[in-house]
Amino acid sequence: MARRKKIYEGKAKTLFEGPEPGTIVQYFKDDATAFNAEKKDVIEGKGVLNNLLSEYFMVGLGQIGVPTHFLKRLNMREQLVRSCEIVPLEVIVRNYAAGSMSKRLGIDEGTQLPRPIVEYCLKDDALGDPLVSEEHIAAFGWASQQDMEDILSLTLRVNDFMSGVMLAVGIRLIDFKIEFGRVYDGDFQRLVLADEISPDSCRLWDIETGRKLDKDVFRRDLGSLTDAYSEVARRLGVMPNTPPTMGKPTLVN
């Protein structure tokens with residue numbers, strides 16, 4: 001088997017050089033982290049489920065005209081994606097109060113917000129990904145004014161799509177985090193949706209029962225994370241033919 005060069009290893013994914021210039025292989029790990037990696041565990045099958053679910057969402061978004069870095073799924077744990085220059089921002093959309101917003105503003109979890117609220121955080125684990133304003137973004141040159149207009153427009157389209165998809169299977173989209181990257185076509189650059197969309201990066205609640213089907217299950221010790229993610233995949237029709245609890249393959253670095 002050919003050896004692959006590792007580019008980057010994060011909390012939930014490892015990136016390798018792709019087979020063609022301008023491509024990257026994105027490997028989904030079973031590692032689960034919370035509270036800026038203060039809480040850690042390995043959840044068998046999580047990487048398989050996140051790979052399948054992120055593929056499902058990225059393909060669907062591409063079909064409605066949202067540009068993404070996704071090219072194709074290679075196997076149960078890997079995707080081929082376009083290499084891009086990541087914008088150093090996490091973009092958060094909140095449809096209902098939960099998590100840090102509830103703590104910051106004293107709003108009960110589950111309160112529906114008057115409209116979707118978009119927040120920005122600086123991507124910096126050492127600083128705890130602090131909340132920043134558009135003034136900070138402009139002043140420090142993290143993104144241009146045109147970038148921010150495009151990011152906002154694309155983010156709201158993602159929210160509309162995701163909310164509708166989840167509502168159709170009895171799940172409420174409470175909030176989610178996405179990232180963007182810049183790809184170059186000749187001398188021109190454009191923004192694409194990057195990273196992943198999965199229950200790791202969304203809050204998903206069952207509409208009937210309020211059961212949490214996202215990483216809060218791990219954060220708050222609410223049961224089996226694999227069961228929660230499997231339920232989302234089952235409702236969306238993307239469950240793998242083989243159980244996701246099978247052992248993960250050995251990586252060749």
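I took the model as predicted, asking pLDDT of at least 70 for local features and 80 or more for side-chain atom pairs, while totals for chains, interfaces and linings use all residues. I numbered residues from 1 along each chain as its sequence is written, and side-chain values use heavy atoms, with hydrogens and water left out.

**Domains.** I looked up the domain assignment of the chain and found domain 1 at 6–82 and domain 2 at 87–224; such bounds come from an automatic or database assignment. The C-alpha centres of the two domains are 17 Å apart.

**Record.** For residues 6–235 I noted 30% helix and 36% strand, with the end C-alpha atoms 34 Å apart. Helices (H or I, at least four residues) and strands (E, at least two) are DSSP runs, numbered from the N terminus.

**Interface.** I counted 29 residues of domain 1 in contact with 27 of domain 2, contact being heavy atoms within 4.5 Å. The two domains bury about 2400 Å² between them, 60% of it on carbon and sulfur atoms. Buried area here is the accessible area (1.4 Å probe) that two parts lose on being put together, summed over both.

**Polar pairs.** I found 15 residue pairs in polar contact across the interface, both residues at pLDDT 80 or more. The rule asks for N or O atoms within 3.5 Å, within protein one able to donate a hydrogen and the other to accept it, and residues adjacent in sequence count only if both atoms are side-chain atoms.

**Domain 1 side.** On the side touching domain 2, strand 3 (23–28), strand 4 (31–34), strand 5 (39–42) and helix 1 (46–63) each supply at least two residues. Helix 1 gives the largest share, 9 residues.

**Salt bridges.** I used a side-chain nitrogen of Lys or Arg within 4 Å of a carboxyl oxygen of Asp or Glu. The count is 28, and between domain 1 and domain 2 it is 6. Aspartate 185 pairs with arginine 82, closest N and O atoms 3.6 Å apart. Glutamate 85 pairs with arginine 182 at 2.9 Å. That pair links strand 8 (residues 85–86) to strand 12 (residues 171–185), the partners being 97 residues apart.
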